[in-house]
Amino acid sequence: MGGGRGGGGQKRGRTQRRHFRNHRDNVWKKNKSDDSTATTTTTTTTSTWGPFATQNLAFENYYKEQSIVAEDEWDAFLEILLKPLPAAFRINSSAQFFEDIRSQLETDFMNSLNAEVVALILLVADSGEADAIRPLPWYPDNLAWHSNFSRMQLRKNQTLERFHEFLKRENETGNITRQEAVSMVPPLFLDVHPEHFLLDMCAAPGSKTFQLLEMIHQSTEFGLLPAGMVIANDLDVQRCNLLIHQTKRMCSANLIVTNHEAQHFPSCRVKDVSEMETGEGRINELMFDRVLCDVPCSGDGTLRKAPDIWRKWNAGMGNGLHRLQVQIAMRGLALLKVGGRMVYSTCSMNPVENEAVVAEVLRRSGESIELLDVSIELPELIRRPGIKKWKVRDRGLWLASYKDVPKHRRGAIVPSMFPSGRTYDVETAPDNLEEVNPPESNQENANPSSLEKTPDNGNNVDSEQGLEQLENLATPSEASELEVSDLPLERCMRILPHDQNTGAFFIAVFQKLSSAAAVDTSHLSGQLTKRQDELPNKLADGIIEDAHMLEIEPPVDDANDQQSICSEAASDADLADKSLKEDTLKLDSSGICEENEADATETNGEIENKSEMSKGGKRKLQMQGRWRGVDPVVLFQDEATISSIRAFYGISESFPFEGQLVARNDDAQRVKRIYYISKSVQNVLKLNLQVGQQLKITSIGLKTFERQTSKEGTSTKCGYRVSSEGLPLLLPYITKQILYASLADFKHLLQYRTIKFADFVDSKFGEKASELMEGCCVIVLNHGAQASPLPIDASTIAIGCWKGKTNVSAMVSPTDSQELLERLCVHLEKKGNSLAQENNHCDSMADAEEAVATS
Ligand SMILES: C[S@@+](CC[C@H](N)C(=O)[O-])C[C@H]1O[C@@H](n2cnc3c(N)ncnc32)[C@H](O)[C@@H]1O
């Protein structure tokens, strides 16, 4: 296995360790004295000392017993879990200015922040690192960065304000994504190519989906699109909105967002792409080249950024998720092409959610899959091998083998949770354990709502008072030897917090070798039959709705509520700026729901399309499903609208090259938006959204045009403006309503937003602007007064504007205007600045910011 072990942890000195113990003791004492009811537990949220408990003896006991770190590393491991997580972020490699952003970090920020490090010495010293910011060594091309400041420090410290503002702005405009460092790892092991069809099974809030989109778009020629696509799925509709917001910043026409239970992700039909040209493609089941299976988990790898987990953690959390995780992974493998790769990952350290799932997947799949040894990939990433022996803890008992599981717990604790995965005859179960350990004697595996009510909160069954008593029960079963897996689980990767100052993560990489059926899993089906009458009522509604389709579901008492799982994602949710989040919800849900009501009625279980009927069948219905959640995506070809738009902008015949423009209406009369969908997406949609098909789509396509009326409400020749997301794609094909502005005028438009024709610095430009047709136009920056029309390429800088009766207004949000001004400043400076005289741009940055702020 590649990668070093435990560098950081072993270096810690004794003094630090002592300091750490004292600190923990203080927190512990303070919490106890502040909360009179919590006599045997650290649990409190009312302490004046700090908002959260930072100790959970059940957690410590559990992981010590599982030997996930060596004994002499234990203090270092715990110590780092108490430290806030340093911030990390990625540069979007398909953003227009990504190289400028990278060099701004490599030079400007690295120098200035490191120079200020003296002032910040306390902050930085606390992390044990010398640099204020540094690129993550294992991430390709210096595109991911680690900053030694936690998000709280960034928010609170004035010295860091400029850097913080930079991060906020670039995140908002999609140039960077703030993301926990370890969470960036799984997509890197997928070996994605631009032509790949990818499935992200549990995708919200979407930081990894964003990475996958970047990967397929990376080497695509300007103005063209990759042949591949991403289907990003999540069970939770609200979180799908976050996912849509996150991925919208990527401006991709190669994405479909769906809302399914991953374990029942539907089989889609698709035409054989190689035969598509002839129009005779055979219809096959859609299989994916790559699958990302970043499953819901107990999330204890995110303790550093979500310290509330200290209070909530119990061993039952992982037990309760194990079977769902196996099901999701198995469905992922079923949808994977032969030769394709699937990455299984969690942000949990629990072997029951990690190695046990991988082992079960290997057992069920027999020779048809291989767990890959990827130790030579990303050699700078410090990782540890997966473990081959572990125990299961259930209701205060340590269980070394399934045969030790008391009869009454055999529905909740299944054979696949153990290293050998073997089933034993029920008769061998030690009944007497029920007597020594009656179920109500502790609360592990209890459902979270009942935990909240118990006086000691139930989480710390191993807390000081109860520890001795439980330890008697908690020693590994005398009846059994500890099982050791004979599967190559050392090929899994464990990333631990103290190795490189991160959170914890688990990753396994599979390759599908053949489509052979899974091996016998009847022992598991046996479990199912027994528990079918006990289907959960604690999981998300969707699971219950589809209960007839279930194979195996976690039992009631082991299922975590949706809040306590997926904590990685939950805490990632605040990546999105709140105002933008609200904006997304408005744009995406409300508009969509209106369409739903306006256009669809259900008859005999099928949906009938009113708008289609009202147009006498003229509009060709592209897709429709029974899904009545967020978005039935009523898309259709509206030749009349689309050809009037083409005529107005002089969009050349070669567009839409391989993809398709489709319209979406928000009332029966008028189209509101026009979307562009890539050929790959089109191919999937064609066959999977006809009436009766099941793909539940919440978002699709790249918005290219949007209905817009002039301020005065007067009608214009074309009532559709080019959307900022669609502009880069359309730009090479637009021949009318396009003008080339000098740097001075371009900047003024960004600064002042509206400029009268007579007020442009370049009077000829003002004249030309006045001659445009009223409505939307595109203004391209003409550096250095070249003869127009300019060649359009990836370096072209352009914005959408509105030509009114007397003026031109920029149709760019204030944040985007400010960002673009900043980028112009950096970009032109970097170019050695032959344009310095023409420009004088940087002096006016302050004016610009002021103008934007007041506009
Ligand atoms: C660990 S988070 C995923 C994080 C995401 N991959 C990212 O990088 O941003 C797990 C996600 O699984 C979703 N989820 C939970 N149960 C699911 C199921 N049965 N099917 C699909 N998604 C599920 C949750 O809503 C949550 O968003």
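Analyst: Let's start with Asn 254, which counts as buried because it has 26 C-beta neighbours inside 10 Å, where 20 or more is enough for that label. Keep in mind that you're looking at a predicted model.

Where does Asn 254 sit? It's in the loop between helix H11 (237-248) and strand S7 (255-258). Leaving aside residues up to four places away in sequence, Asn 254 touches Ile 216, Leu 225, Pro 226, Gly 228, Met 229 and Val 230, and also Ser 678, Ser 680 and Val 681. For a sense of distance, take Ser 485: it is 231 residues from Asn 254 along the chain, and the two C-alpha atoms are 41 Å apart.

S11 spans residues 336-346, and eight of its eleven residues are buried. Which strands does S11 pair with? One is S10 (residues 288-294), in the parallel sense, over six bridges; there, Phe 288 has Leu 336 as its bridge partner in S11. Another is S17 (residues 505-512), which runs antiparallel to S11 and is joined to it by six bridges. On that side, Ser 345 is bridged to Ile 507 of S17.

Stepping back to the domains, the protein is divided into domain 1 (87-179) and domain 2 (737-854). Their contact takes seven residues from domain 1 and eight from domain 2. On the domain 1 side, helix H5 (98-115) and helix H8 (161-172) are the elements that give two or more residues. H5 provides the largest share of that side, three residues. By type, the domain 1 residues touching domain 2 split into one nonpolar, three polar and three charged.

Two stretches call for some care. Residues 1-49 stay under 50 in pLDDT, and the model has 82 contacts for them beyond four places in sequence. Residues 834-855 are also below 50, with 30 contacts in the model beyond near neighbours in sequence. As for the overall scores, the model gets an ipTM of 1.00 and a pTM of 0.78.

Terms used. Residues numbered from 1 in each chain as written. Predicted model: local features only at pLDDT ≥ 70, side-chain atom pairs only at ≥ 80, totals over all residues. pLDDT = per-residue confidence, 0-100. Contact = placed C-beta atoms within 7 Å. Buried ≥ 20, exposed ≤ 12 C-beta atoms within 10 Å, placed from the backbone. Helix = DSSP H or I, 4+ residues; strand = E, 2+ residues; numbered from the N terminus. Pairing = 2+ DSSP bridges. Domains from an automatic or database assignment. Nonpolar A, V, L, I, M, F, W, Y, C, P; charged D, E, K, R; others polar.
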